[in-house]
Amino acid sequence: MGGSLLTVLLLVPAVPSEGDLLAQGNAAFRQGVALVPDPKQTTAARKSFAGAAAAFEQLSQSGVENALLYRNQGNAYLLAEDVPRAIRAYRRGLQLAPDDFELRRALAYAREQVVYSPPGTLGRPAIDHRPPWLPHLPGASLWVVLALYVWGCLGLARWRMIGRAAWLSAGLSAFVAAGLLGAALWYEERDRLQEQATPFVVVAADGVSLKAGNGRDYATRFPGIPLNRGVEARLRFERGDWLQIELAGGEVGWVPRAAVLPGR
Amino acid sequence: MISRALLVACCLLPPSATRADDVQPPLEFQPDGFRASGGAVGSGFRAAVRVAPAELWEGDTAILTVRLSAASCQQPPLRPRLKELAALRPLLDPKKPLVLIDAPKGPEADRPDRTLDGHTWEFDYKLRPLKDSVTRLPPLPFDTYRPSSIAALPGRYQRTYSEAVPLVVKAKAAAPLVEPPPIRVPEYLLNLAEGPAVLRRQAGGPLLPSLPWLLLGLLLPPLAGVGWYVVWRRLFPDAVRRARLRQSRAARQAQAALQALGPAPDVPRVARVAATYLQARFGLASAEPTPADVTGALLRAGASEDLAGKAAEFFHACDAARFAPASAVSAHDLRDAAVRLIATVEAEPWADRF
């Protein structure tokens, strides 16, 4: 009995720890970087980067999630010429750290590698009108809003007690500040909820046609303008093996499930 | 005996004796491949498949033709969906060596490419073998429905197979290996983030709490403010009472003093009564305040600029009456103005707190 249990345990492959996976990914990435300068080693370098990306992917699937890991993963995928997975990794990282400059810069570079079908802007990502200097609000902002609101209420109560105009102005100022910050928080939360309701997807293959329905027999929405690897979209509905997606320009259509990478 | 002979005769009748619009292949016992086979209804169906050319290079396209013929037919076949036939699936799955390209889609897509004699139909497909391991096209099954010659009796489904078709696929010469272009990317993409932070589990939770917590956060602070005010009033009743007493006493004394001045009041005394009132009520520093002192004290106490301006105007008029005898304002008018000023100040809600 004991012998058979031991045999089973020996036969089960050991699951690498998170530290092992990270070390494995880092080693493969460094090996790829070392091969980059040699033009004759391009294939070997890309293989190393693909190995690093696989290790980082396994790490993120085990539950480790942070902007640094996703940056490494995105870089490894990009260097392995897997643009769709690179874009997905960068965007996952930006969901955790929206102000990360390195991630934004790398995502912009990855998007430059996507071949958008001419003519027009079909599939191109929307222009971000948010000023780059304007940071996203951290989670602790809610406590600031609450503190300002409490300060406003207590300030008005104090003004009612002793009638000093200074308390009145202090209370009203706190209310205005709490209102402005609260509105900004609500705006960001709305974006986050929208992201949850319609998560992003990335087209994983070249020449994907946007269909009018969930089947190959349906008409192509934009004949002659296929979607290529790396085009980003939002997922609206799922039906069997088909997904309804919405491009940044508002164009809606169906694509096979196998043709896109889910954002989550 | 007669009925038995009738039944035999009916069975011997050709199926075409049944009207076409009566024929509805039943769903019961319908084979999976019936619709994919074209859904033909009739009898004596035969299937044949040919590929031209039968010898080709890897990746080249050949024309696959399916010919279906029937002895009699009530419902001709639609274009068979070959990709759905079980016999072909192992060859057509992704990464398998055969690619089948269906005919172009459109309203006429289901119709045969050729109808030869009313009982023979041909359908064309494009076939592209990708590997030289493809040596034959397997026999393909086609399901049809043969209705009973007696309308009341059910018909039956039948299956016919095409012959296997040999194929010769020649391997193309391997393309010479071309070294891919060197990797040229910005330097920052080659940087690797390291350290324990890479193994951190970062949570991206919501920025706002759920609705109940949000409502609680909105309601609690005002309630706390009101509660604090109520507690303050209970804990320091003297302060509240003092404020009220001070208010009523100062106003009452000022009004009485103004009335006591008689029908011909003295201007400096009117001004002094008003100043004493403001001193008692709002802590005005000077017993003989300037208009600017009065304005400042009232604004600090929370009065509107309009009221503060009126008070300053009153004291300005007092100064004018005292130091400019030619002034048009009489002492009597000034006394009335002082009474009105005190009444206006007392009527202000903010004045309750002094």
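Biologist: What makes A:Glu18 and B:Arg201 a salt bridge?

Modeller: The rule wants a side-chain nitrogen of Lys or Arg within 4 Å of a carboxyl oxygen of Asp or Glu. For A:Glu18 and B:Arg201 the closest N and O atoms are 2.2 Å apart, so the pair qualifies. Across the interface of chain A and chain B the rule finds two salt bridges. Bear in mind that this is a predicted model, where local features need pLDDT of at least 70, side-chain atom pairs count only at pLDDT 80 or more, and totals for chains, interfaces and linings use all residues. Side-chain values use heavy atoms, without hydrogens and water, and residues are numbered from 1 along each chain.

Biologist: How do you know which residues belong to the contact between the chains?

Modeller: Contact means heavy atoms within 4.5 Å, and on that basis chain A supplies 61 residues and chain B 43 residues.

Biologist: And what is the area buried between chain A and chain B?

Modeller: About 4600 Å², with 64% of it on carbon and sulfur atoms. That is the accessible area (1.4 Å probe) lost on putting the two parts together, summed over both. In chain A, the residues losing the most area to chain B are A:Tyr109, A:Arg160 and A:Met161, together 13% of what that side buries.

Technical notes: Chains lettered and ligands numbered in written order.
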